[in-house]
Amino acid sequence: MLPDFRDCRAIIFDLDGTLADTVDAIREGINLAMTQFHFPERSYDQVIAAVGNGARMLVRRCMPREKANDEALLAEVLAAYDAAYARTYMHTRHCYAGIPKAVAALHRAGYRLAVLSNKQDAYVKALIRQLFPDNEFTVVMGQCELPLKPDPTVPAIIAERLGAKLTE
């Protein structure tokens with residue numbers, strides 16, 4: 001049974017694959033790291049299959065299978081990806097069609113809006129500023145010391161900041 005959304009006044013969005021297609025920028029960063037270690041580059045579809053659960057899992061899933069469980073090597077490749085993605089993440093310049101208008105309409109209608117992503121916190125904040133210059137989002141959070149999605153800890157924190165209760 002679906003919850004009754006008539007009393008909903010706050011919405012938490014994901015960034016990657018929900019508000020914007022960020023895969024090309026992620027893929028660019030991954031392939032810079034893969035090339036640095038002489039690993040095969042990854043296609044758009046391979047990167048899509050690897051995203052979710054944060055940068056560490058992304059890198060592990062993109063590494064050659066026989067190397068992915070080498071924790072020391074994983075740490076090196078992750079550091080290379082972090083450095084590369086710091087140069088590529090802002091290459092995402094557009095939202096999906098209709099998203100900016102929908103977000104603006106929700107904001108005008110009085111909804112309190114937030115973004116929660118497993119992407120690095122500083123990157124999420126910068127991308128949201130770039131993609132939504134009218135500042136419709138009250139809370140924007142990315143990966144930090146708190147548990148990653150789908151753990152409910154951070155959504156509960158965001159809901160509290162928005163003055164809302166979580167629905168299941």
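Buried means under 20% relative accessible area, exposed means over 50%, and partly exposed lies in between (1.4 Å probe, protein chains only). Keep that scale in mind for the whole tour.

This is a predicted model, in which local features need pLDDT of at least 70 and side-chain atom pairs count only at pLDDT 80 or more, while totals for chains, interfaces and linings use all residues. Residues are numbered from 1 along each chain as its sequence is written, and side-chain values use heavy atoms, with hydrogens and water left out.

**Stop 1: Thr-92**

Select Thr-92. It sits in the loop between helix 4 (71–88) and helix 5 (99–108). Helices (H or I, at least four residues) and strands (E, at least two) are DSSP runs, numbered from the N terminus. Is Thr-92 buried or exposed? Thr-92 is buried, because its relative accessible area is 4%. Now show what surrounds it. Leaving aside neighbours within four places in sequence, Thr-92 is in contact (heavy atoms within 4.5 Å) with Ala-20, Asp-21, Thr-22, Ala-25, Leu-127, Gln-130 and Leu-131.

**Stop 2: the salt bridges**

A salt bridge here is a side-chain nitrogen of Lys or Arg within 4 Å of a carboxyl oxygen of Asp or Glu. By this rule there are five.

Select Asp-14 and Lys-149. They form a salt bridge, with the closest N and O atoms 2.8 Å apart. Asp-14 is in the loop between strand 1 (10–13) and helix 1 (23–36), and Lys-149 is in the loop between strand 3 (137–143) and helix 7 (153–162), so the pair ties together parts that are 135 residues apart in sequence. Asp-14 is partly exposed at 24%. Lys-149 is also partly exposed, at 24%.

Next, pick Lys-119 and Asp-16. Their side chains meet in a salt bridge at 3.0 Å, N to O. Lys-119 belongs to strand 2 (residues 112–120) and Asp-16 to the loop between strand 1 and helix 1, so this pair links parts 103 residues apart in sequence. Lys-119 is buried, at 6% relative accessibility. Asp-16 is partly exposed, at 24%.

Move to Glu-71 and Arg-60. Their closest N and O atoms are 3.0 Å apart, in another salt bridge. Glu-71 lies in helix 4 and Arg-60 in helix 3 (residues 54–62), so the pair joins parts 11 residues apart in sequence. Glu-71 is partly exposed at 40%, whereas Arg-60 is buried at 18%.

**Stop 3: helix 3 against helix 4**

Stay here and show both helices. Their axes come within 9 Å and cross at roughly 110°. Axes are lines fitted to C-alpha atoms, for helices over the stretch in contact, and angles run from 0 to 180 degrees between N-to-C directions. Angles under 35 degrees count as roughly parallel, over 145 as roughly antiparallel, 65 to 115 as roughly perpendicular and the rest as oblique. Helix 3 is therefore roughly perpendicular to helix 4. Ala-55, Arg-56, Leu-58, Val-59 and Arg-60 of helix 3 meet Glu-71, Leu-74, Val-77, Leu-78, Tyr-81 and Asp-82 of helix 4.

**Stop 4: helix 1 against helix 4**

Colour the residues in contact: among them are Ala-25, Ile-26 and Gly-29 of helix 1, and Val-77, Ala-80 and Tyr-81 of helix 4.
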